[in-house]
Amino acid sequence: MKKEANEIPAIAGGTPVREKKIFYGHQYLDEADYRAVLDVLKSESLTCGPKIGELEEKLCRVTGAKYAVSVSNGTAALHVACLAAGIGPGDEVITSPITFAASANCVLYCQGRPVFADIDDRTYNIDPESVRSRITEKTKAVIGVDYTGQSVNLKELRKICEEHHLTLITDSAHSMGTIYDGKPTGSIADMTTFSFHPVKTVTCGEGGAVTTNDERLYQRLLLFSRHGITRDRSLMENEPDGPWYYEQLELGYNYRLTEIQAALLISQLDKLDRFAARRKEIVRRYNEAFSRIPQVRVQEEVEESDTVRHLYILRLVPKRLKIDRREFFAALEAENICCNVHYIPTYYFPYYRKLGYQKGLCPRAEKLYDEMLTLPLYYGMSDGDVEDVIRAVRRIAAYYGKD
Ligand SMILES: Cc1ncc(COP(=O)(O)O)c(C=O)c1O
């Protein structure tokens with residue numbers, strides 16, 4: 001391919017595609033969000049007020065779940081989901097290594113043992129066949145991760161969990177707004193957890209939630225996220241000796257969300273359709289452009305999943321490139337396109353190595369890790385921003401490409 005002067009990547013002496021840096025993710029807040037927060041600041045309650053109930057109702061409407069419990073972050077959501085599932089010492093829980101560490105740490109919090117299953121090489125989500133192969137008599141649950149926002153194979157995972165009497169939890173930190181087989185994420189697994197960290201599709205700074213259709217699990221989620229304390233008389237072991245009376249039934253945690261965060265999240269959820277549509281539009285443009293570049297691969301879309309993508313993963317094709325992932329990453333940075341890598345396989349971390357996990361457990365996940373990077377994707381990106389990213393990838397791939 002002939003290389004025009006303006007096709008020379010910045011790292012090789014060309015002019016960067018843009019002057020201002022663009023980051024891989026960013027929150028979007030508007031006047032309605034500011035007002036919602038200010039109204040709470042001027043109100044009676046900063047915590048334990050009416051906004052929590054309002055938010056939880058809204059989460060039920062958005063996800064189609066019967067019950068929702070708001071918590072302080074996505075990690076807390078995973079922790080209480082494991083507690084509600086009864087995970088305890090020695091129990092095994094199968095999850096993906098291509099995720100944020102919290103998806104496995106939550107099992108360790110309960111003295112259980114995370115077991116890593118490999119991913120599907122096309123979708124990058126946990127491979128149901130690999131899950132099957134990891135089941136032992138100690139397995140109690142599966143935590144499927146809707147990596148990048150694309151739903152896990154819920155049909156297969158449900159089947160496996162039913163066959164083996166396992167609890168199915170989905171870590172849907174990435175997939176707020178995604179629809180699987182006509183139903184929103186949050187209404188299908190036994191429990192679904194969400195995160196509302198600022199790079200996610202909707203945010204309240206720090207925040208999380210668990211949704212479920214099971215009343216017993218709902219009661220347990222409530223207990224574990226509110227100190228193990230209840231004011232519900234029907235759950236108490238003793239007769240109340242006054243209107244102040246409450247009981248602690250479990251060793252729970254203070255994982256409450258504040259009224260300020262709840263109000264912000266309600267306002268953000270009002271914009272979910274808009275956020276989702278723009279993310280889908282950007283992904284469509286990326287997919288269209290990148291599927292024409294032989295040096296890179298795009299994540300395959302799962303037919304059943306109408307995906308609101310939180311992360312956009314570009315996978316390099318090493319045999320068609322003279323540079324590796326680290327150099328490609330540096331070349332994009334030189335163009336002022338700031339990327340990231342999601343994720344380092346969890347069991348690579350020294351903490352996990354000390355627990356006995358070793359490289360080689362999930363070869364497909366490890367290969368993906370070597371070849372991927374995360375490109376900018378967020379609601380506030382302009383069409384020009386999207387074009388800059390595409391141009392940068394194109395010029396780097398062309399310049400460093402080989403046949
Ligand atoms: C897949 C996944 N699970 C869990 C979490 C934890 O969420 P939080 O940061 O809200 O604790 C994250 C957060 O980034 C995540 O990406």
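Author: Gladly! Let's begin with a term: a residue is called buried under 20% relative accessible area, exposed over 50%, and partly exposed in between. Keep in mind, too, that this is a predicted model.

Reader: Is Gln111 buried or exposed on that scale?

Author: Gln111 has a relative accessibility of 52%, so it counts as exposed. You will find Gln111 in the loop between helix 4 (102-109) and strand 3.

Reader: What should I look for in its backbone, in particular its phi?

Author: As a general idea, most residues other than glycine have a negative phi, and most peptide bonds are trans. Gln111 is not a glycine, yet its phi is positive, at about 65°. Asn336 also has a positive phi, of about 70°, without being a glycine.

Reader: Where is Asn336, and is it buried or exposed?

Author: Asn336 belongs to the loop between helix 10 and helix 11. Its relative accessibility is 12%, so Asn336 counts as buried. Tyr343 is in the loop between helix 10 (325-334) and helix 11 (350-354) as well. Look at the peptide bond between His342 and Tyr343: it is cis, with omega about 10°.

Reader: Now the sheets, please. How many strands form the open sheet, and in what order?

Author: First the general idea: strands of a sheet pair through backbone hydrogen bonds, either parallel or antiparallel. Here seven strands make an open sheet with mixed pairing, ordered 1-9-8-5-4-2-3. Strand 1 (67-71) and strand 3 (113-116) are at the edges; each has a single partner strand, so one side of each lacks a neighbour in the sheet. On average, neighbouring strands of this sheet are turned by 25° against each other, direction ignored.

Reader: Which helix packs on this sheet, and which strands does it touch?

Author: Helix 3 (residues 74-84) packs there, touching strand 1, strand 4, strand 5 (167-171), strand 8 (191-195) and strand 9 (208-212). The direction of helix 3 makes about 165° with that of strand 8. Helix 6 (residues 154-164) lies across strand 4 and strand 5, at about 150° to strand 5.

Reader: How many bridges join strand 2 to strand 4?

Author: There are four, and strand 2 (residues 92-95) runs parallel to strand 4 (residues 139-145). For the antiparallel sense, turn to strand 14 (residues 312-316) and strand 15, which pair over four bridges. There, Leu314 has Leu373 of strand 15 as its bridge partner.

Reader: Which way do the residues of strand 15 point?

Author: In strand 15 (residues 372-375), Met372 and Thr374 point one way, while Leu373 and Leu375 point the other way; all are buried.

Reader: Which residues does Ser151 touch?

Author: Leaving aside residues up to four places away in sequence, Ser151 touches Asn125, Asp146, Thr178, Tyr180 and Ser305. Ser151 sits in the loop between strand 4 and helix 6, and a relative accessible area of 2% makes Ser151 buried.

Reader: Let's finish on the surface. Which residues form the nonpolar patch?

Author: Leu38, Leu41 and Leu46 do, with about 270 Å² of accessible area together. Leu46 lies in the loop between helix 1 (31-41) and helix 2 (50-63). With 44% relative accessibility, Leu46 counts as partly exposed.

How values were computed:
Residues numbered from 1 in each chain as written. Predicted model: local features only at pLDDT ≥ 70, side-chain atom pairs only at ≥ 80, totals over all residues. Heavy atoms only, no water. Pairing = 2+ DSSP bridges. Helix = DSSP H or I, 4+ residues; strand = E, 2+ residues; numbered from the N terminus. Axes fitted to C-alpha atoms, helices over the stretch in contact; angles between N-to-C directions. Contact = heavy atoms within 4.5 Å. Buried < 20%, exposed > 50% of the residue type's maximum accessible area, 1.4 Å probe, protein only. Patch = residues over 30% accessible without salt bridge, like charges linked within 9 Å, V, L, I, M, F, W, Y side chains within 5 Å. Areas by Shrake-Rupley, 256 points an atom, 1.4 Å probe, with all protein chains shown as cover. Salt bridge = Lys/Arg side-chain N within 4 Å of Asp/Glu carboxyl O.
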